[in-house]
Structure formats: C-alpha cells, structure tokens
Amino acid sequence: MIRLYHLYPDLMDLYGDYANLLMLSRALTRAGYENEIVKRSLIDRFDLSDAGFVYIGSGRESRQKRAMAHLLRNKETFRDAVRRGVPVLLTGNAMEMIGKSVTDKDGVRHEGLGLASFESVEGTKRLVSDEIVRWGEEKLVGFINKSSEIRGVEKPLFHVEFGLGNAGEEKEEGYAEGNLFATHLIGPILVKNPAFLLKMTSLAAKAEIKADAIRDKYADEAFAITLSELSRRAETETKSNI
Amino acid sequence: MRKLLAILLAKAGRFVGKLVGKGSSKPGYYALKADPKILQKIKLPPYVIAVSGSNGKTSTVEMIAKILTDAGLRVAYNKEGSNQIEGVATLILGECTLSGRMKSDVLLIESDERFARYTFSHFKPTHFVVTNLYRDQLTRNGHPEWVFDALAEGVKPAGKLILNADDPLVSLFAEGRENTVWFGCGKLEGLSPENDSVYDDGRFCPRCGERMRYDYRVYNHVGAYFCPVCGYRRQKPAYELRKIDLAAGSLTVASREGSFEIPMENPSVYSAYNILVAFAAASEAGVPGEKIARSLRDFASRMGRIVSFTLGDHEGKLLTSKHENSISYDQSIAVAASDPEDVSVLVIVDAVSRKYFTSETSWFWDIDFEKLASPHVRHIVLAGTHYGELMVRFSFTGIPEERIAAVRSIEEAAELLKSYDTKKIYTITCFSDKDKFLNLVERK
C-alpha cells in the first residue's frame, strides 16, 4: 500500500490542487499499485514515516503562513521523509515553505523549514503568466499566479522558455533536490503534464512505469494542444511577460 | 476653465461615440486627461449607490435601476464593461450640466472590485453594496482575500454599507465602523451546516483564522456562520429571504415593512440573492416595499443570460456562465440538473481569455460537475479547445463514461446533440464563447 500524503488540503486549496493527487492515485492504480490518499492538516497528528509520496498545494498568503508555522513544528518528520528519498511535490507557494524564510507584504519575516537556502519576498502585485518550461528533454506547460519572488535558488527544477521564473527576469523556475520537487506552477501540473505524472508515478511506485500503462488519451491531447497554442503565443510575443 | 473643458470634451466624445454607434469610456478618459480632478468638482445627486462583489453585480444594478426609475427617479448608471474610472467619468460627465451639476436623482455605479479604490478616491458613495466575494477570475483578481484588501479601501469612504450578512468575508467590511445594514437568507427548510461543494471557502474565520462553524449554509461559504474562538458571527439581516420556491419560481423577502412575494425569472438561490440585494438597496434609497415588489414582478432580465434556441428538432436553452468563475457554472449546472425531463448538456470551454490562449484551467476543479450525475442528464458533450482537460475533470465525477463525449469542434458537438433522441438541450458556456454555438442554431 502506497500512502500518498496530501498535507493541508483545507488551507492550501486555491487552484484545484487536489486534482494532482487524484491523477497520481489513478495512475498508480492503473499501473497495478495499491494506494490511498491520506489527508493531514492543522489538528492532525503528523507522522510521515509511512509516506510513499508527499504533496502540498497553493494557498492564500495568510494560510500559507499558518501551514508553514505548523509544518515547522513538525519539521523532523518532514525532513526525515525528504532524507529517505520519499518523493515530495510542492506546487504554488507551498514551494516557499522549504526555503529559509517568507517575507510578507507588510515586511514581516516568517521562518521557513530551511531545507533549501532560498528566500521569498511577497509584494503587492500579482505575478501571473502562462508557462512553457524545459525539464530535461521534456517540455512542460502550466500557469503561475503568485505574489512573491524567490531568490537564491541553487538548484532550479525547470528552465523557462516562456513565462516567469523564480524572480525578475530569471529564466530558472522551481527547486529540485533528490526526490524533492518544488515549483510555483499551478494548474494542476499533474493533469496538464503526462510526462511529469509518469515521473511522479515511477518515483512513488519505486519502479520504471511505462507510459502506456497509465496513458490518458484526453490528457495527452490536452497537453499537445496547450503546448502548441502556447508555443504559438510565445512566437508572437517577443517578450515573455504578459 | 479646465473643468468646463473636461465636461465639453466628455460630452463631445459621447456625442461622436453615439454617432458611430460606439459607447466607450474614451470621453471620460480624455476628460480626466484635461482635468484629473474633474470628478471632485461635480455636484453629485443625493444618492450615490455603489455595487461591487464577485457575482451578480450587473443584474443587481439593472434591477435597482429599474425599481428606482419606476419610482419616478432619474437614474444614471453604468452598463457592463464600463466600470473602471474612465467609464464612470463618461457616465457622470455625460449626465451633468455645463456648470457641473448632475441632472440625475441617483448615481448608481457597478464597481469592479479592483478599481473601486480609484473611483472612490474622487468622490464618496452614500451607499456601498457588496453582494458577495468568492473565487472569480483568479488570474486577474487574485483570491477572495486579495480582492477584499483591494476593495476595502474603496468601501471605506462610503456613508452606509449594505452588506451580505451570510458572507463572512463581506461582513468583515463592517468591522470598526457604524452604519451598516444587512441582507441575508433565513434558515430555510432543507439547509444544513454541511458544505456540499467541491471546495470550502468557509472553513476558516476571516477575522481570526480559526476554524469556523455554521448553523446552516445556503451554498459554499455563504450561510449562518459563527466562530467559536473569536465570536465573529452572522449579523441579523434587516432584509431576509424567508422562502425560496424553486419549482414555482418565487421567493419571499421580509423587511420591517412586512413580507413581499416576488417571482424569479431564472429560479435559483443565486438569483434569489440578487433580487434580495436589489430590494435592500432600493429600500434604503427610500422606495416602499410594495413598489419594489411590483417593479421586480415585471422585471425581465435584459442581459440575455438565458437564450432559447432550436437545433434540428431539439429545443434548447443556453445558460451564460463566466469562465474562471466556478459559482457561475454551478448556477447553470443547477438549472440543467433540476429539470425533471431528460436532457442533454453541452459544456463549451473554447477561449478562457478573449485576448490570447491561456492554459489556466484550475477552476475546472472548483466546479460541481458532479451534480450532472443525475440519470435524466442522458448525454453530456464537452467541446472547445479545452475539451481534453474537461474530459479528465469529468472522468472523476463518477458519471458513467458512456454518457460523455468530448470533441474539440463546436460544430461536431452540435451534430452529436442532433443525433441524440433526447429532445431538450442545455448549453453551458461563457459569454465570450456563446456566439460560436449560437451561430449554429436557430435563436428564438
């Protein structure tokens, strides 16, 4: 039984984030792996020692602070899971939680988990963009809707071909270290990107899953259309920012 | 001199605009260029009513305008799409004398949540109505709390607030001030404290952040809330829905003047709230309840949100929703799902944005498509550029796969609908996509 932990599904629920877990769970089932989604939030006891996968989605700035403060108090079990190589996926501003700090728009600094050395600073404007990113040989698509910039990322996850990066004009997006994947892409990323779903499924299954085993015809077609439409937009728009 | 120049510019612009058949906000734009403080120099009418919120602004404003006009008042109000400062300036200057006095009795403004603070830095509304705050075009607006912060500045200078007592976030505008009147829905039969939507924006208290509870919910986070930690709770409304009869298409509003029964053109709890808001605002502007009820009785929506059509030997209704606004979709779904006859449902998401292709479809996962699972919804067709992701979304609704078809082409979708023996069709889509379908059918 593979346990897929969805942390703070009630606080961090802004962009249909739960769909990522639904997709992963279905893919694992199709590939023949028994699994269950386990939800944990503020009032629950946190123990990730039996986790096969950990996920946190996007939330409003105020709720991200609550979740982050709570996660900080449960840092041990989270960090141990990361160290054991449990695949962890953080999307949207959940990414910011593992950095050193998040400074809110009033200038108050909130301590992060410190698993990575980057720092996030929220502003008063929303930064919104469609995205095409390169991930190894693959291209992925998605969307960013955030109010922060992240600086000091040592190991980015994606290279941005179209859209916003971690900060300013940067062409790097997200953070990756071992099996920890963090990105500001929302979307939900595992619905939109069959290749990324395949990777997460393989990591959770601890086996090389074949694309055909989990193929969803409609998800594939959606990805192809999105990539071609966004590529066309990227060609016509000289600069990437909307 | 600048003031006169600005007024003349606005009037000339409006005249030319009318000649070429274009109503735009350009006249206001030029007037503000000529005199940035022009709006502060205009003598406004005794009632300046602002209406803002995520949903229902336009139809609410239309209703208020109708009631006040019926009551013999001269009402100046802005039409959809012109609710930024330039549009408001066009409206005000077009309705004022050369000496700068507005000729109307009431200035009624539909105000975009994000722009209210700019508009009302120029002049103060006497009444500010906030309908509701929920997830609406997150790409443009950010999330509800983000909108709250933006709107708060615009609401602040208003003389009196007319607020939704059932929306915990909206009610927060009353904190630390006086002169607020509330509207809300009473504890109607069948309402429970449970949330039956895909997501729950009423989980946490907007004041202290702790877990909130409900005596009952009307939909999603809208209901009789209370926070056991800080004591924040629903205020007693002066205007209350006492009965909503969806089958008969009527509702009852109670105010200090008594109870009034009002019919609904498109029966749903959402339109019941819109009517309630209009009732409250008109009542606060001094119109007697009986007159309001009479006006609302013959109010028919001029917005064309529901369009009847025929497709071959099929009869259909197009229910206009708003992309990136899950609750507007939920409203349309409720109409289709509550039809007792066998129906086919077509959902079209072709262009999320009119400007360019965008891949922001996270809002699909906020819509209660699950409610289309009832067996009399015999066929579901998903169409438009985003048919693939719609299909993935539907694959998690529990609706049997054989009932669902997904095709990119809207023409092909129309052909499919024609081939079914189900004779009644509901088409659910956004106003930006609706003509792509209406061009294929006979409008009635």
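## Basis of the model

Residues are numbered from 1 along each chain as its sequence is written, while chains are lettered from A and ligands numbered from 1 in the order in which they are written. Since the model is predicted, local features need pLDDT of at least 70 and side-chain atom pairs count only at pLDDT 80 or more, whereas totals for chains, interfaces and linings use all residues.

## Chain A

Chain A holds 7 helices and 13 strands, where helices (H or I, at least four residues) and strands (E, at least two) are DSSP runs numbered from the N terminus. The radius of gyration of chain A, 17 Å, is close to the 18 Å that the globule rule gives for 242 residues, so chain A is as compact as a globular protein of that length; this radius is taken over C-alpha atoms, and the rule is 2.2 Å times the number of residues to the power 0.38. Along its principal axes, the C-alpha trace of chain A spans about 50 × 50 × 30 Å.

Among the contacts in chain A with a separation of 6 or more, 68% join residues 24 or more positions apart, two residues being in contact if their C-beta atoms, placed from the backbone, lie within 7 Å.

## A buried residue in chain A

A:Q64 belongs to helix 2 (residues 61–73) of chain A, and A:Q64 is buried because 27 other C-beta atoms lie within 10 Å. Leaving aside residues up to four places away in sequence, A:Q64 touches A:M12, A:G59 and A:N93. The C-alpha atom of A:Q64 is separated by 16 Å from that of A:L89, which is 25 residues apart from A:Q64 along the chain.

## Chain B

Chain B has 14 helices and 18 strands, and its radius of gyration of 22 Å is close to the 22 Å that the globule rule gives for 444 residues, so chain B is as compact as a globular protein of that length. The C-alpha atoms of chain B fill a box of roughly 70 × 55 × 40 Å along the principal axes, and 52% of the 444 residues in chain B are buried.

## Two helices packed in chain B

Helix 2 (residues 26–34) of chain B and helix 4 (residues 85–94) of chain B pack at an angle of about 90°, with their axes 7 Å apart; axes are lines fitted to C-alpha atoms, for helices over the stretch in contact, and angles run from 0 to 180 degrees between N-to-C directions. These two helices are therefore roughly perpendicular to each other (angles under 35 degrees count as roughly parallel, over 145 as roughly antiparallel, 65 to 115 as roughly perpendicular and the rest as oblique).

By class, the contact of helix 2 with helix 4 of chain B has 7 nonpolar, 4 polar and 1 charged residues, where Ala, Val, Leu, Ile, Met, Phe, Trp, Tyr, Cys and Pro count as nonpolar, Asp, Glu, Lys and Arg as charged, and the others, Gly among them, as polar.

## Where the chains meet

The contact between the chains takes 33 residues from chain A and 25 residues from chain B. On the side of chain B that touches chain A, helix 12 of chain B gives the most, with 4 residues.

Note on methods:
Buried ≥ 20, exposed ≤ 12 C-beta atoms within 10 Å, placed from the backbone.
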